[in-house]
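Here are my notes on this model, as numbered points. Please read them with the structure open.

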Amino acid sequence: MSHSSARDTLLNLKLEDVKRLCSDNIYERGLAYLKQDGVSNQTIHDNFLSGHVQGSQYYTYDVKIKVENGNLIPNCTCPYDYEDFCKHAISLLASWIKYHEQFIDIELFFEELRKKSKDELLTIIQRWTYAYPNNVFKYYSNQNLNGSKNKLQKVFTSGSKSYDDVPDIIKDLKDFDPILQGYEKKNDLESFNDIKYLVGLCFENLSPFDYSDDIEPFVERLIRIYVKIFQNLDVDWSVKKGTLEFNFRIFIKSSDDGISDIISNTLVHSGFEDMEIDFVEKMITNEIDLQKKNRKHGHEHLGSKLVLLLLDFYENNNDYKKFTYTCEKEFQYCYDRYIQFLESTETFDKAILYCKKSLEFVTGFSQIDLLVKLGDLEYKTGNEENSLRYYLEAFEINPLYSEETIIEKIRKISLILNSWPQVKKELILKLEQKEYYHMLIEIYLKDDDFDSAYKLAFQIKKLDNYDIEIVAKALLKDFPNKASELYRIIGEDFVSKANIESYRKALHYFRKMQRIYFSSGQSEEFFTYIDKLLSNNFKKRLLHKELSRLRSHR
């Protein structure tokens, strides 16, 4: 919006217009502040009104009113957030309507200063310095930031970087933490330009493999401050256009997903006016076309990254027509995103169609993901037989995919189709061949087949102690003697490892045995077993010491 049209909006503003911006209570209290001479330091600059308003609790609040596309957008440092306009913003607007001649026009002020001689300007500066000495500190703070910018430039550009340089770079970067805080506090166009320059230095001089665990947080923090200032700045289109182009270049260069996400937000959420939306869209689509030409040179990942950015952009602007068109045009880059979208809109038949289309070019784990997704979609449309077929196909490719999840899906559908006994046999045969014992145990325990689970845990030497304990816990209530036998197997396995930590773990499981024996009145039998175990391991002094703790219950 031009400054002249913003000024026209303000000059045509009436109290009736202001009253419609807020509740009656806020409006009346805002006028009360004005009557109490609570508004001061009023200025107008470009499309902004600014001023200080004295609050009811001895606080003075900074208030700004921005004019954008004919709308008034308030910003006040008070904590009130129940309405868009607080009483302080209303008071500033009322002050403008009633006494706009009291507002200092910053542009006219600078025109007056330009007419002054050098000596006159020095005299003015001297008076202001005596009156407001804090400005001296602000001046030197700016000088320190500029000096630090030059120092940081040397850190990033002093010759080619390699892993050998990382410790020195990290040491230098730690000195810049207060400098970054300075940029963040200033939050103005000057600090934005400085930090934008430093962001460019990072990406031009440090290749992705130089981003160690210590360098990367610095770069990410730099990016976050840059984005924060960018989002709060009010600049003309030429500056914003150049910044969006810069952000897009950084997005393309960044191989780190975290940094890419931060930068992509400045592009996705930039479109508030048609001019910005068109510009960002064209910038992304042109780059996608360029990457298609370079596809032979291994740019597939960047192509996918760009398409997903474009989809985020369309979705943020609620342009689902272009979103759908892009998904179908660039399907190979965004098939999972489109299928997810179709599922979320309950367009299940179309989602199934595009799942099948994806299987024509997808391999590996992504292929299994699609088969499971097909099973889910077919189930949602009531086609249980097709659903089971896709789940079994995924299981056939990799039985360990999501382990219990795929087994549970197969079991659920098979029970609906009354085919679980036969399907279960086929699964067990496959798992036995592959020696996937953990999943076998899960199947047995789900069906309360405790006998099969116990035989597997008792007989298979390759079984992990974790799986044996799962079976023991399941048996404990109804089959305590079998649970005790499994705890014995685990305990003896830890004894065989012959170190103090394993002896302590063995003690843990022997105590579980002990509770079972004691509850059935077989304490003597338990200690007979322990004595025999120690006799067979008479040289293991540390084992004797650990297991002696069991005798305190004798």
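Predicted model: local features only at pLDDT ≥ 70, side-chain atom pairs only at ≥ 80, totals over all residues.

1. Leaving aside neighbours within four places in sequence, Y444 is in contact with I428, E432, D449, S452, A453 and L456. Its place is helix α23, residues 437-446. Is Y444 buried or exposed? Y444 has a relative accessible area of 9%. That is under 20%, so Y444 counts as buried.

2. Now the nonpolar cores. The largest one holds 119 residues. I223, I410, L486 and F510 have the most contacts inside it. Helix α11 (residues 215-232) gives the largest share of this core, nine residues. There is also a second, separate core of 30 residues, and V18, L34, V63 and I65 are among its members. As background, nonpolar side chains in soluble globular proteins tend to be buried together.

3. Neighbours within four places in sequence set aside, L486 is in contact with Y454, A457, F458, I468, V471, A472 and L475.

4. Strand β3 covers residues 60-68 and strand β4 covers residues 71-76. The two pair in the antiparallel sense, over six bridges. V67 has L72 in β4 as its bridge partner. Two residues lie between the strands, and N69 in this hairpin takes a positive phi near 55°.

5. Check two further asparagines for backbone geometry. N41 has a positive phi near 55° and is not a glycine. N41 sits in strand β1, residues 39-45. N318, also not a glycine, has a positive phi of about 55°. N318 is in the loop between α15 (300-316) and α16 (320-329). With a relative accessible area of 57%, N318 is exposed.

6. H269 lies in the loop between α13 (257-268) and α14 (274-293). H269 is partly exposed, at a relative accessible area of 39%.

7. How many aromatic pairs does the count come to? The count is 25. One of them is Y320 with F341, a stacked pair at 5.9 Å centre to centre and 10° between the planes. This pair links distant parts of the chain: Y320 is in helix α16, F341 is in helix α17 (residues 331-344), and they are 21 residues apart. Y320 is partly exposed at 34% relative accessible area, whereas F341 is buried at 16%.

8. Y335 and F361 form another pair. Their ring centres are 5.7 Å apart and their planes are at 80°, so this pair is edge-to-face. The link again joins distant parts of the chain, 26 residues apart: Y335 is in helix α17, and F361 is in the loop between α18 (348-358) and α19 (364-380). Y335 is buried at 14% relative accessibility. F361 is partly exposed at 30%.

9. Both pairs belong to one cluster. Ring pairs link Y320, F323, F331, Y335, Y338, F341, Y354 and F361.

10. Last, two charges over rings. K305 lies over the face of F251, 4.7 Å from the ring centre. R389 lies over the face of Y390, 4.5 Å from the ring centre.

Conventions:
Residues numbered from 1 in each chain as written. Heavy atoms only, no water. Helix = DSSP H or I, 4+ residues; strand = E, 2+ residues; numbered from the N terminus. Buried < 20%, exposed > 50% of the residue type's maximum accessible area, 1.4 Å probe, protein only. Contact = heavy atoms within 4.5 Å. Core = buried A, V, L, I, M, F, W, Y, C linked by side-chain atoms within 4.5 Å. Pairing = 2+ DSSP bridges. Phe/Tyr/Trp six-rings, centres within 6.5 Å; stacked < 30°, edge-to-face > 60°. Lys NZ or Arg CZ within 6 Å of the ring centre and 35° of its normal.
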